[in-house]
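What follows is a walk through the model shown below, from its strands to its helices and then to the predictor's confidence.

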Amino acid sequence: VLAKKVSNVGFEAIEIADRRPVGLDELARYPVFTEELRQVLREALPERRHAELVWAVTLTARKPENPKGDAHDG
Amino acid sequence: MTVDTERLREEISKVYSEVACDPKKGYHFHTGAAYAIERLGYAPEVLAVLPDAVTGPFAGVGNPLAMGMPRTGETVVDIGAGSGMDAFLAGRAVGPRGRVVAVDMTEVMLERGRDNVALTGLHQIEFRKGWAEVLPMADASADLVISNGVINLSPDKAQVFREAFRVLKPGGRLQLADIVVHKDIPPAAREDIAIWTA
C-alpha cells in the first residue's frame, strides 16, 4: 500500500529495502494508538500477534529525470 | 471518520515535545542511540560522533540513510526531523558546501535542533518550521528527501508524497522509514488505524 501511494504521485524505482515487526507497546508513541485502542487490540488479537501488529518498512524511490507534469493524486 | 487535523498536531507536538525535553523519561516506545544501534542497525561508530543532545531524543522507526548517504554538496530535506539525528548524519555527509533543511512543526524540537547546530558547528543544517504536507522548500530544490516515522502521523499522506515529489530535483531520491498496518488485524480497529498508518 505504501509503495502504491508513492507510485501514484509519480515516483519510480520504488523498493522496500527493509521491514521489521512493531508491537503494541511500541505503538504507544503514536497519539492515535491510545491505551483504549491498544487494549482493544490486545484483547482482539492472539498474544503471538502482539509483537508484530504493524510493520516498520524502509522504502526508496526516485523522481523521474523527466517527470510528466505535476504530481497527481494518490 | 473525520480527522481533526489540529487536534492531531497538538497531540503529536505534545508527545514529541516531552521526548525533546526529557528523552530519558522512560517512554513506552524506544528512544536514543542504543535503540537506534540495537534495533535499527545504525552503526555505533557513526552515532558516536554525535552528542547525546542529538541522539537522545531519537524516536525513529528505521534507518532511511541505510540505503545510501547523501553526497558531498547535496541538498537534503528531512521531513519531521525532530531533534535531528538523521539530519545531523546527513549534514556530516553533505559537508559545508551542502545543505540540510530539517523541517519540524514542534517548537521545542526546533529549538533543540538549533541548539544542536550550535553545539556541533554543523551550520549547513537549518531547522525550519513547517508541516509534512506543506514543505517550506522551493520546487525542485532537493537531491534527497528523508523521513523517519513521521508520514504515518499525517492525516493526508498523499499530500506528503506530492510535496516530496515537488521539492525533489529530477532524478532526486526519496528514502523513508515508516510503519504500515498488518493486513489481518480486526476490521474495526483497522479502520481507525489505517487512517494513521501508511
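Two strands count as paired if DSSP finds at least two bridges between them. In this predicted model, strand E2 (residues 54-62) of chain A and strand E5 (residues 168-181) of chain B run antiparallel and are joined by nine bridges. Within this pairing, A:Arg62 stands opposite B:Arg173 in E5(B). Strands of a sheet pair through backbone hydrogen bonds, either parallel or antiparallel.

Helix H6 of chain B spans residues 107-120 and contains B:Asp115. Why is B:Asp115 classed as partly exposed? Its relative accessible area is 49%, and the partly exposed class lies between under 20% for buried and over 50% for exposed. The C-alpha atom of B:Asp115 is separated by 35 Å from that of B:Val181, 66 residues apart along the chain.

The secondary structure of chain A consists of two helices and two strands, which follow the pattern α-β-α-β along the sequence. Of its 74 residues, 46% are buried. Among its contacts between residues at least 6 apart in sequence, 77% join residues at least 24 apart. Helix H2 (residues 35-44) of chain A has A:Leu37, A:Arg38 and A:Leu41 buried. Seen down the axis of H2(A), these buried residues fall within an arc of 100°, so they line one face of the helix. The face turned away from the buried side of H2(A) carries the exposed residues A:Glu36 and A:Glu43.

Chain B has eight helices and five strands, and its pattern along the sequence is α-α-α-α-β-α-β-α-β-β-α-β-α. Buried residues make up 58% of its 198 residues. Of the contacts in chain B with a separation of 6 or more, 72% come from residues 24 or more positions apart.

The mean pLDDT of chain B is 84, and 76% of its residues reach 70 or more. Among the elements of chain B, E1(B) has the highest mean pLDDT (98), whereas helix H8 (residues 187-196) has the lowest (53). Over residues 194-198 of chain B the pLDDT is below 50, although this stretch has 24 contacts in the model beyond near neighbours in sequence. Where pLDDT is low, the predicted coordinates should not be read in detail. For the complex, the predictor gives an ipTM of 0.79 and a pTM of 0.81.

Terms used. Residues are numbered from 1 along each chain as its sequence is written. Chains are lettered from A and ligands numbered from 1 in the order in which they are written. This is a predicted model: local features need pLDDT of at least 70, side-chain atom pairs count only at pLDDT 80 or more; totals for chains, interfaces and linings use all residues. Side-chain values use heavy atoms; hydrogens and water are left out. Helices (H or I, at least four residues) and strands (E, at least two) are DSSP runs, numbered from the N terminus. Buried means under 20% relative accessible area, exposed over 50%, partly exposed in between (1.4 Å probe, protein chains only). pLDDT is the predictor's confidence in each residue, from 0 to 100. Contact means heavy atoms within 4.5 Å. The arc is that of the directions from the helix axis to the C-beta atoms.
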